[in-house]
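Subject: The structure I promised you

Hi,

Here is the structure I said I would pass on. Open it up and keep it beside this email while you read.

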Amino acid sequence: MNIGFVGLGIMGKPMAKNLLKAGHKLTVYDIVTASVEELTAAGAEAASSAADAAARSELTITMLPDGPDVEAAVLNPGGVLDGAAAGSIIVDMSSINPVTAQKVGAACAEKGVEFLDAPVSGGEPKAIDATLAIMVGGSQDTFDKALPVLKSLGSSATLTGPVGAGNVTKLANQIMVACNIAAMGEALVLATKAGLDPEVVFNAVKGGLAGSTVLNAKAPMVIGRNFKPGFRIRLHQKDLRNALLAAESMKVALPFTSMVQQMLVASMNNGRGDLDHSAIVNIIEDMAQCQVRKPE
Ligand code: NAD
């Protein structure tokens, strides 16, 4: 298939490379030229704009930081929708506010362009391995057409409802991950302050009910003091802000989410915005004046 790809960041780059590996013809665009050059070296063609990428493609994927970036890259003059032909498909795989996904989807529908919101979970390692979990909103028909492409990027792609549903599912995912990391942080700070080796505690609990994918991925990072992203604090803050906005519009109270979102804001103010989200733990460490690390 001729595929366009707009947004070649931590996630977009490996995803684009997997599309090349799967044998698709790929046209790429990013505002950062060096990222485009990395993909052209791997076999992609460079587009002169997002519209140009879409004009040369039957299906165009966007992988951008947040809703305003998606609106700019898709809806602005020179954006994806400007170049997309009627009958082509736009798949936004960024994590954004579901309301923005619906706005972009409606603009696409007016032009006869099909749209899916299809955010992902799994982070950079799963983007590299093409084992992302993809949560999709849109029509069954469009989903079926895009599925072979999504299968080159992830190990699962699940249609959870109409346009916007992909991002509602992703927000649910992000709430669980963030609250899980914060709870892990409180637990490991308590254990360390009590004089225990946090690695021994991690190994003791990981096979029980407290065990989780989050614990297995993030506890070793915290204990090893490795906060290289991964998934940046500022992006997770954005996701929880979107979750709270969506919740407010539905009159749903999310007390834990709002607490962790405040911790993420504080982390950004402490200069930790570009660290991995496992650095949520640093806020709890600061309050206890105790770092989670192996005893000397
Ligand atoms: P990133 O900041 O590394 O990459 C974003 C890319 O978009 C950058 O290369 C930037 O130059 C480009 N860009 C921004 N505006 C543009 C525009 N108008 N036109 C063209 N290119 C533009 O972000 P990322 O970590 O790759 O995340 C992308 C999305 O995926 C976010 O919504 C994030 O929440 C989500 N996500 C990230 C992870 C992760 O672990 N990093 C995991 C799951 C989901």
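**Salt bridges**

The count of salt bridges comes to 17. Before you go further, please keep in mind that this is a predicted model.

Why would such pairs turn up? Side chains of opposite charge can pair when their charged atoms come close. Asp-141 has 47% relative accessibility, so it counts as partly exposed. Lys-145 is partly exposed as well, at 37%.

Asp-274 makes a salt bridge with Arg-234, and their closest N and O atoms are 3.0 Å apart. Asp-274 lies in the loop between helix H13 (255-269) and helix H14 (280-288), while Arg-234 belongs to helix H12, and 40 residues separate the two. Asp-274 is partly exposed at 37% relative accessibility, and Arg-234 is partly exposed at 37%.

There is also a network: Lys-25, Glu-45, Asp-52 and Arg-56 are joined by salt bridges that share partners. Within this group, Asp-52 and Arg-56 bring their closest N and O atoms to 2.9 Å. Arg-56 has a relative accessibility of 32%, so it counts as partly exposed.

**The inside**

Which residues have the most contacts inside the largest nonpolar core? They are Phe-5, Met-15, Leu-26, Ile-61, Val-91, Met-93 and Ile-134, in a core of 31 residues. Several elements give two or more residues to this core, including strand S1 (2-6), helix H1 (12-21), strand S2 (25-29) and helix H8 (140-151). If you click on Phe-5 and skip its neighbours within four places in sequence, its contacts include Met-15, Leu-19, Leu-26, Val-28 and Ile-61. A second, separate core has 25 residues, among them Phe-202, Val-214, Val-222 and Phe-227.

Next, find strand S8. It pairs with strand S9 (residues 154-161) in the parallel sense, over 6 bridges. Gly-137 stands opposite Gly-161 of S9. To get from S8 to S9 the chain passes through H8, and this β-α-β crossover is right-handed.

**Lys-170**

UniProt, in an unreviewed entry, places the feature "active site" at Lys-170. You will find Lys-170 in helix H9 (residues 165-193). Is this residue buried or exposed? With a relative accessibility of 5%, Lys-170 counts as buried. Leaving out residues up to four places away in sequence, Lys-170 touches Ser-95, Pro-119, Val-120, Ser-121, Met-135 and Asp-239.

Last, have a look at a few loops. The peptide bond from Pro-229 to Gly-230 is cis, with omega near 10°. Gly-230 sits in the loop between helix H11 (213-223) and helix H12 (233-249). Arg-225 is in the loop between H11 and H12 too, and it has a positive phi of about 55° although it is not a glycine. Ala-130 is another non-glycine with a positive phi, of about 60°. To find Ala-130, go to the loop between helix H7 (123-129) and strand S8 (132-137).

Cheers

Note on methods:
Residues numbered from 1 in each chain as written. Predicted model: local features only at pLDDT ≥ 70, side-chain atom pairs only at ≥ 80, totals over all residues. Heavy atoms only, no water. Helix = DSSP H or I, 4+ residues; strand = E, 2+ residues; numbered from the N terminus. Core = buried A, V, L, I, M, F, W, Y, C linked by side-chain atoms within 4.5 Å. Buried < 20%, exposed > 50% of the residue type's maximum accessible area, 1.4 Å probe, protein only. Contact = heavy atoms within 4.5 Å. Pairing = 2+ DSSP bridges. Right-handed = clockwise from strand over helix to strand, strands pointing away. UniProt positions renumbered as here; feature names shortened; annotations may be inferred. Salt bridge = Lys/Arg side-chain N within 4 Å of Asp/Glu carboxyl O.
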